[in-house]
Amino acid sequence: MWNEKKQSPPADRGQAVALIIFVLGLGTLLPWNFFMTASQYFNKRLTLSNVSSNGTSGGATRDYNYDSWMALLSQLPLLLFTLLNSFLYQWVRERLRVAFSLVVIFILFSLTAALVRVPMQPDTFFSVTMATIWFINTFSAVLQGSLFGVVGLLPPRYSTLFMSGQGLAGIFAALAMLFSILSNAEESSAALGYFITPCVATLGTLLCYLLLPHLKFARFYLNRSPPDSVEVSEKLVSSADKKDLNSADQEENQERSSVLVVFRKIWLMAACVTCVFAVTLSVFPVITVRVRTVYKGAAAWEKVFTCVCCFIVFNAMDLVGRSAPSLVQWPSKDSVLFPIAVLSRLVFIPLLMMCNVENSRLTVLFSHDLAFVTIMALFSFSNGYLASLCMAYAPQLVKCRDCETAGSLMTFFLVLGLALGASFSFLLGKLV
């Protein structure tokens with residue numbers, strides 16, 4: 001019976017599974033990116049609503065700090081569920097977690113789209129928006145963790161496709177905003193079209209996920225039994241490598257090291273990835289969205305400046321940075337230059353704060369648009385490049401049996417860096 005079960009993996013016909021995995025990766029980061037890219041819409045609506053509620057345009061208006069609160073309330077659920085995932089995932093089936101999360105995300109995006117045309121008091125609108133951001137990112141965190149587990153059952157190249165989809169989520173959101181601006185529609189209509197886009201994309205993500213188990217290639221990997229798994233592994237390696245695999249299996253059978261022991265080996269990489277994302281979230285988007293073009297007379301360029309020079313440049317160069325380690329990895333994990341390179345990113349904080357920030361209290365040293373784009377390009381490339389190196393180097397510092405623990409720790413410190421950066425952004429926002 002066991003011999004009858006042995007079979008070679010089927011072909012991924014038409015690369016259907018590859019495309020679905022890419023779309024699933026795109027869908028996991030849509031909530032964060034769509035609310036971040038819509039910064040101008042939310043800030044403008046809060047300001048206008050505040051002025052209307054005061055009955056005058058000359059009175060003092062409340063500063064709601066949308067960008068800082070949005071970043072913080074997006075990252076805290078991710079941090080929380082990074083800690084709780086081992087408990088949650090044991091209690092709730094993966095299929096239910098993914099499907100339910102996507103349905104809730106769709107409902108919350110639909111609510112956000114509906115509120116575009118609903119007049120509300122600024123405090124109420126801000127509270128509803130922040131609650132929506134909290135819950136939509138909570139379910140996004142559950143979705144992301146669950147899909148990482150699904151992708152882990154497939155061949156390694158599908159993990160790369162999933163990560164590529166995540167990397168393009170920011171560009172997708174920025175392009176959606178750019179098209180809504182260029183449509184020349186009335187502001188509320190443009191905003192409505194913008195928020196309908198992730199509703200459609202989320203439905204597409206749900207349909208792709210439901211289709212996945214019906215494809216022969218995916219079903220082979222997602223439902224295979226242990227004998228099948230062993231057979232496939234044996235076919236993928238040469239006989240010369242089997243000795244190494246046997247020694248690796250013996251190592252896996254040994255007791256895993258404690259979390260503290262693993263942390264002592266990777267603490268530098270954990271600190272580096274925390275620093276990388278803390279620096280990034282401290283100024284992006286809270287400072288970068290406030291930079292204005294020097295070409296005040298060009299109305300069309302003024303409308304798209306933030307979308308193009310802030311969000312599209314950041315996401316495009318960040319994606320390039322994440323891909324670069326496949327070509328070159330420098331500095332090495334043992335080099336003293338690596339932590340120096342990470343700490344050197346601190347220089348981007350004052351550099352971006354001294355760009356042409358609207359109503360800045362600081363001296364503007366880099367007023368030209370080209371200077372801002374150059375700084376943003378280096379800022380985002382270094383973010384993607386150094387973060388990818390951190391995540392790649394950490395498992396290399398421990399034994400094979402501890403790689404999973406190292407990966408979990410690095411994920412926690414990555415999210416911790418995001419949360420710390422979002423918290424620090426409140427202070428930097430006040431300084432400028």
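Which residues have the most contacts inside the largest nonpolar core? I get Ile21, Phe338 and Phe379, in a core of 126 residues. I take such a core as buried Ala, Val, Leu, Ile, Met, Phe, Trp, Tyr and Cys residues joined through side-chain atoms within 4.5 Å, with buried meaning under 20% relative accessible area (1.4 Å probe, protein chains only). Helix H13 (residues 259-283) gives this core its largest share, twelve residues.

Notes on the source: this is a predicted model, where local features need pLDDT of at least 70, side-chain atom pairs count only at pLDDT 80 or more, and totals for chains, interfaces and linings use all residues. Residues are numbered from 1 along each chain as its sequence is written, and side-chain values use heavy atoms, with hydrogens and water left out.

Next I looked up Ser74, which sits in helix H5 (residues 66-91); helices here are DSSP runs of H or I, at least four residues, numbered from the N terminus. Ser74 is buried, at 4% relative accessible area. A polar atom of its side chain lies 2.6 Å from the backbone oxygen of Met70. Leaving out residues up to four places away in sequence, Ser74 touches Trp32, Ile133 and Asn137, contact being heavy atoms within 4.5 Å.

H7 gives the most to its lining, three residues.

Note on methods:
Helix = DSSP H or I, 4+ residues; strand = E, 2+ residues; numbered from the N terminus. Buried < 20%, exposed > 50% of the residue type's maximum accessible area, 1.4 Å probe, protein only. Polar contact = N/O pair within 3.5 Å; in protein donor to acceptor, adjacent residues only side chain to side chain.
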